[in-house]
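Please look at the sequence and the model shown here, and keep both at hand while reading the report that follows.

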Amino acid sequence: MGRARQFAIFAIVAVVSLAAGYAGWRVYQRTQPEQCYACQRPIHAHSRTVATDKGGTRLFCCPACALSEQRQEGKTVRVTELTAFLSGAKLSPDEAYVVKGSDVNMCAQAHEMIDADKRPAGVYYDRCAPSLLAFAQEREAIQFAREHGGTVLPFREVAASYAK
Ligand SMILES: [Zn+2]
């Protein structure tokens, strides 16, 4: 076998094993629950929020957490994608409506379960509160607020109020 041929075989083997390794890593990544960039809570599929800051694209557990990041860190955080609470579908922040301060907060519930036996029950600051849930249609948001409380607002208005 000539040198060139040996090298070609070596190269093919190397590329194939790299590809296999990458595929395996992707599968591993997909099976891990996604974590919030800011609070490390597992991300609930129906409140997943994507935002960008100077460092790049970040995943957040909910819109409230992403907007808190902006307020606390003084960072310019721009929400680029929301998830419809009812359907789990991706939503554009420009068209979405949110219910603010309802009795449903996917993040705080997960948090309380973890802390239930370690901390006394009580009100403490939570970056994911007041809860913000996104809806594709204003009427869906109004219906939800009727059952769970909270205020219906266009997402843009809420984002602007956090920016101050
Ligand atoms: Zn979070």
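Phe-60 counts as buried because its relative accessibility is 1%, where buried means under 20% relative accessible area, exposed means over 50%, and partly exposed lies in between, with a 1.4 Å probe and protein chains only. This is a predicted model, in which local features need pLDDT of at least 70 and side-chain atom pairs count only at pLDDT 80 or more, while totals for chains, interfaces and linings use all residues. Residues are numbered from 1 along each chain as its sequence is written, and side-chain values use heavy atoms, with hydrogens and water left out.

**An aromatic pair**

Phe-60 forms an aromatic pair with Tyr-37 that is edge-to-face; rings of Phe, Tyr and Trp (its six-membered ring) pair if their centres lie within 6.5 Å, and planes under 30 degrees apart count as stacked, over 60 as edge-to-face and the rest as tilted. The pair links distant parts of the chain, since Tyr-37 lies in the loop between H1 and E1, whereas Phe-60 lies in strand E2 (residues 56-60), 23 residues apart. Helices (H or I, at least four residues) and strands (E, at least two) are DSSP runs, numbered from the N terminus. The two partners can be set side by side as follows.

| Residue | Relative accessibility | Class |
|---|---|---|
| Tyr-37 | 33% relative accessibility | partly exposed |
| Phe-60 | 1% relative accessibility | buried |

The centres of the two rings, Tyr-37 and Phe-60, are 5.8 Å apart, with 85 degrees between the planes. A search of the whole structure finds 5 aromatic pairs, and Phe-85, Phe-135 and Phe-144 form one aromatic cluster.

**The zinc site**

Which residues coordinate the zinc ion? They are Cys-36, Cys-39, Cys-61 and Cys-65, each through its SG atom, at 2.2 to 2.3 Å, where donors are N, O and S atoms within 2.8 Å of the metal (3.2 Å for Na, K and Ca), and sites may look incomplete because water is not among the atoms. The arrangement is tetrahedral because the 4 donor atoms subtend angles of 103 to 120 degrees. In sequence, the donor residues follow the spacing C-x2-C-x21-C-x3-C. Cys-39, in the loop between helix H1 (3-31) and strand E1 (49-53), and Cys-65, in helix H2 (residues 63-73), link distant parts of the chain, being 26 residues apart. Both Cys-39 and Cys-65 are buried.

**The whole chain**

The secondary structure of the protein comes to 5 helices and 7 strands, which run from the N terminus in the order α-β-β-α-β-β-β-α-β-α-β-α. Of the 164 residues of the protein, 32% count as buried.

Terms used:
Tetrahedral: all angles 85-135°; square planar, octahedral: opposite > 155°, others 65-115°.
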